[in-house]
There are 4 protein chains.
Amino acid sequence: VEPGGEQNPVGALISLADYEREARLRLDQDAFAYYAGGAADELTLRDNEAAWRRLAIMPRVLVGVGERDAGVTVLGRRRAHPLIIAPMAFQAMAHPDGESATARAAAATGTVMCVSTLASVSPEAVAHAAPLATRWFQLYVFKDRGITAELVSQAVASGYEAILVTADAPVAGVRERELRHPVRGLPVQLGDALAAGGGTLSPIAAAAQFDPDLRWADVAHMSRECPLPVLVKGVLTPGDAERALAHGARGVVVSNHGGRQLDTVPAGADALPAVVDAVGDRLDVLVDGGIRRGTDLLKALALGARAALVGRPVLWGLAVAGEDGARRVLEILLAEFDRALALAGVPDAERVGPELLAPARW
Amino acid sequence: VEPGGEQNPVGALISLADYEREARLRLDQDAFAYYAGGAADELTLRDNEAAWRRLAIMPRVLVGVGERDAGVTVLGRRRAHPLIIAPMAFQAMAHPDGESATARAAAATGTVMCVSTLASVSPEAVAHAAPLATRWFQLYVFKDRGITAELVSQAVASGYEAILVTADAPVAGVRERELRHPVRGLPVQLGDALAAGGGTLSPIAAAAQFDPDLRWADVAHMSRECPLPVLVKGVLTPGDAERALAHGARGVVVSNHGGRQLDTVPAGADALPAVVDAVGDRLDVLVDGGIRRGTDLLKALALGARAALVGRPVLWGLAVAGEDGARRVLEILLAEFDRALALAGVPDAERVGPELLAPARW
Amino acid sequence: VEPGGEQNPVGALISLADYEREARLRLDQDAFAYYAGGAADELTLRDNEAAWRRLAIMPRVLVGVGERDAGVTVLGRRRAHPLIIAPMAFQAMAHPDGESATARAAAATGTVMCVSTLASVSPEAVAHAAPLATRWFQLYVFKDRGITAELVSQAVASGYEAILVTADAPVAGVRERELRHPVRGLPVQLGDALAAGGGTLSPIAAAAQFDPDLRWADVAHMSRECPLPVLVKGVLTPGDAERALAHGARGVVVSNHGGRQLDTVPAGADALPAVVDAVGDRLDVLVDGGIRRGTDLLKALALGARAALVGRPVLWGLAVAGEDGARRVLEILLAEFDRALALAGVPDAERVGPELLAPARW
Amino acid sequence: VEPGGEQNPVGALISLADYEREARLRLDQDAFAYYAGGAADELTLRDNEAAWRRLAIMPRVLVGVGERDAGVTVLGRRRAHPLIIAPMAFQAMAHPDGESATARAAAATGTVMCVSTLASVSPEAVAHAAPLATRWFQLYVFKDRGITAELVSQAVASGYEAILVTADAPVAGVRERELRHPVRGLPVQLGDALAAGGGTLSPIAAAAQFDPDLRWADVAHMSRECPLPVLVKGVLTPGDAERALAHGARGVVVSNHGGRQLDTVPAGADALPAVVDAVGDRLDVLVDGGIRRGTDLLKALALGARAALVGRPVLWGLAVAGEDGARRVLEILLAEFDRALALAGVPDAERVGPELLAPARW
């Protein structure tokens, strides 16, 4: 069946933008502000989406696209498609089923899910909720390294496939929407050692406990000690990608943290090509920020990313209809990606290259 | 008489934009959405018009323009002017007289008309309605090649001059306006073999029957077997134009299908120059997308197109006033083109070249 | 006294934009549409103003600007300043005193005035109304060359200083605002030979009588035969400026006819530099289109124009307060120009050069 | 505590934009217009802010930013941070405590304050109000050089650290908002020699007394005779920066006077790099115009400025809450700057270089 099919009513949710609009109506406004907001004037936040629109696709026709293959290889393993769910904190705020529902949606669609350090439940609980989902663990390194070690151990023990170390949050960003719509302490899985009374934590209180002195040497240490492959998330320059390689990382995520940390840094789409040029043959380069269409995902591959993370839209799906909503969002994006492969004349996702793109003129 | 003349009331329809506005009021909104909409975020749809506006005309003065000649040569035949009516499906939805009215408007203005595979009536019926109109047949290739062959036979038998093979629709585009405003099954001429109960078919059901595996070899086969010249519609790159030439086509239409297939591909105006550079001396290169003014048509010629197709505006004319409306739209565009020839200082349409243009600064 | 002085009420008219706003309120809407409108989508109309804004001024400081000299040399004669009133038709429609009031405002401010062929009164009558005003006669060449010769004779006999031949109106532009707001037959000075019953003529009827076959040879003939210097108005390319020189013209006006003829031709400000490069040392190059600020006038000089014509704003002044309004508009512009000379650090208008400008970044 | 902290109500003032919005509500509209307005069409005014947004930051990660040092060296002295309060006239119009409150806010935050010639109180009075504040004296040179000399003497005697000579105001700008909202005569410290009856003066009357013939020789004279270092404020070109150096200045402020003098000159951010290239190794180059975020301040340093002046936002703070408001504005900006140092991966402000920046793509 087509997305929406022939009998869609006007109000049907057939695009990621529809889910965002609907989630804005359904979520309480503090929660929406927390998820939707970015740093300062939100220039980078908005540009994450705009940057993909600045790229035009130069399609080929009549190549025969009756069969399409969306599969890619990431961290040495073949995946059904290049879509990954980005790590996002406090998902219980979007829906009572939180991360567990997201994980089941991931499993249903063959999507890798990144689970946040600030998840509402433990890495183990997410694993139990959706044992078939491939899961990566996103790690904030706390000043208290004991907590960090404990978190990694839990992830290893619960069958997580990789560790994603967040590099771009040594201090919190200037998030004004969040400051104007403060969310109360939220349930987290971090235990009494870190969380405040009742096992809850607010986003700002959490950020205050991250280690601002985290360095490349810590990445090297983790890469050596941890049995799982380590990826560094939050790299925007080729120099830092080189350093990730030199310090033992297996991949990098070109990312500006969804526009939530330092305003006026480049969009993922714009930072990606130089990183790919520098290390694309030696590291798995992923990207996130502003992926809202199947064509965005296609462009990410064309620029050299092996996969792309999508964040907020999955939360909007979760907020609208729990697991079903999250799954539907992923399905829409994957169906659009399939059409993009067909209409761009590149039926095999692993053969998409930079010749597919040109700067947009609009 | 001037367009509109001296006694125009404020509400007179004197431009193509006027007809669009009026048609939006008169058509039912599902039909308007079907015709007006494009793929996904409609960036390409909007850019089709904007791209012509990005070109400035560098006029010459005092060359003597008392006589102007709008004539051009296409497929080896001299034509009164470079305007062609683009293929558009289901015209009975715009007006009960549908394709027949459009064909009569074409005949009255010396305009070539492309008749769609998804026309409301058969190629033969259109031919009977307006025997003096020069007609080209637009071909969607169905999975069922028998239907395809039957359609081409009808076109040949009914005196069509050329076959226009659509190359950019192996699968349907993500057309959200259409999905939100689904049109019911429509009368089509395809017979019981393809159309659903009662001889009707919906756009989405039709698209599902097109062959996604269509290849250049099919074009070569058709070029050899069909007694009519074959043009490939939907080419956006010089490489595909070269392949059209190599596989026996007589021409290409640089087109993005009115922005209805893959969003974020380039506008016709932007894709045209590279195609002309590659094959302009060996193939007839036509263009469509966003032609709304006589100056747009002039620019298309200056960029090397031999002719340009105009689509939606003719439908708006049809919707507003049937044959008279469609004819009036064509007349307005041709009168504007005549003025553009005069004011640009290029009274002979066949001598319009790239020196006439510069990038716009606005 | 400062423009507006210290006691300006909020509603005081202290800028040209104020006069436009006020004139829009006071004029009947057909007359406003006739004056304000441009061709087709009015892209060129709008860009005339925008083009000056695309230029930044790089000011010098501390050069001593206690004395400023706005004077320039045009057609071999020293003028108090580089501002000229552009030819505009039918000024009686803006105010009963029409061209006579404008001429008195010109005289009061030392401004050259161009009088239109389609003036409400004869060249002689304008001369009588303001004998001290320097006047140039703008000439439309009619199919009936007898009328043309008669008009030039009147201008010569009435002490006009130069003839400005309009080159960019072989046919009328597609002026939609004018078509939607048709003005009735207007009193003109053309006599019974041309004007319709009662000595009136409508703009469209007038345009229909201009000679579309006017050529450079006609300019050469006129330059030889006419005792006054001939300037060609409506040139936008260096090639045409070279031709003007070769055919005996003494100057050119880089102009797009106020955006009223062919839409999407360049703004005067953008076309000017190439013309100056080609003939600036051998012809007087003037410019018009979109001058609304003293800084615009300064930029015109910096790009190599010897003077600049301002049109609609003078009509807005005329519409608001007759001669006083027209004079006030000129005074505001000249006072702004004086400040611009001071603040840009170029106190002598004849020494303003291209080093003063850079592309704007906004 | 975070800016705004966790318990911010929606209406809390947590950004400079919040203070501007609030000040607009609280100030009488004539005073707001005087402070907020710029020259003519205010293109330069708006571009001052926009120019910083046209620069993207290329952050480094994992460098260890637990300790940040915002300190810089200006005029040979180490300062706590690179923020300076720009000279602004008539601060009593914003709040009864006027310049004294601003000076106390400066002292509380370790910020250098520039005191205007047109301050509501004397240089001495400002010194007494906040003896610990580092103060620079901004000098308008009057036609009556006796007044000028007297002002400088007062500044020297009251412990001011430097003299900032304004070079870009030989005549007043065309400030239309100010003309439409005229402020009455205001109390000033200039004494009966200059101020009108009752010791008050209006902005326009003051400007009329500035010397339009001020020249570089005057700067040379002042640099020789005055015991304090002299900086020239209002330079926008490398040539003028070279002349400042040649005539004995110790520094320049790249500035367009807050967009209040000549419209369409470049923004400070755009003019800065060429000035730094020319004289950055021999003069202290400062910049002002449009600094509204900590990231703007970081960008100013990256472009080679040693410090940056912020103007209107401090007045908005003053208008909202007197000394507390002015101090809060400075604190917000400094806190944002500290976060920017951390998140850009440049914990030492003196090591910020041009490699940190790239042209923005948005």
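## An enclosed helix in chain C

Which residues in α2(C) are buried? In this predicted model, they are Ala31(C), Phe32(C), Ala33(C), Tyr34(C), Tyr35(C) and Ala36(C). Helix α2 of chain C spans residues 29-36, and because six of its eight residues are buried, the helix is largely enclosed by the rest of the structure.

What covers these buried residues? The cover includes α1 (16-26), α3 (43-53), α7 (176-180), α8 (203-207) and α13 (312-344) of chain C. If you look at the start of α2(C), you will find a side-chain oxygen of Asp28(C) within 2.7 Å of the backbone nitrogen of Asp30(C).

## The barrel in chain D

Now turn to chain D, where eight strands form a closed barrel with parallel pairing, in the order β4-β5-β6-β7-β10-β11-β12-β13. On average, neighbouring strands of this sheet are turned by 30° against each other, direction ignored.

For a close-up, take β11 (residues 251-254) and β12 (residues 284-288) of chain D, a parallel pair joined over four bridges. Here Val254(D) has Val287(D) in β12(D) as its bridge partner. Helix α6 (residues 145-157) of chain D packs on the sheet, touching β6 (135-139) and β7 (162-166), and its direction makes about 180° with that of β6(D). Helix α9 (residues 216-225) of chain D also packs there, touching β6, β7 and β10 (230-235), with its direction at about 155° to that of β10(D).

## Two crossing helices in chain A

In chain A, the axes of helix α3 (residues 43-53) and helix α11 (residues 268-279) come within 7 Å and cross at roughly 65°. Asp47(A), Asn48(A), Ala51(A) and Trp52(A) of α3(A) meet Gly268(A), Ala269(A) and Asp270(A) of α11(A).

Terms used: Residues are numbered from 1 along each chain as its sequence is written. Chains are lettered from A and ligands numbered from 1 in the order in which they are written. This is a predicted model: local features need pLDDT of at least 70, side-chain atom pairs count only at pLDDT 80 or more; totals for chains, interfaces and linings use all residues. Side-chain values use heavy atoms; hydrogens and water are left out. Two strands pair if DSSP finds at least two bridges between them. Axes are lines fitted to C-alpha atoms, for helices over the stretch in contact, and angles run from 0 to 180 degrees between N-to-C directions. Contact means heavy atoms within 4.5 Å. Buried means under 20% relative accessible area, exposed over 50%, partly exposed in between (1.4 Å probe, protein chains only). A polar contact is a pair of N or O atoms within 3.5 Å; within protein, one must be able to donate a hydrogen and the other to accept it, and residues adjacent in sequence count only if both atoms are side-chain atoms.
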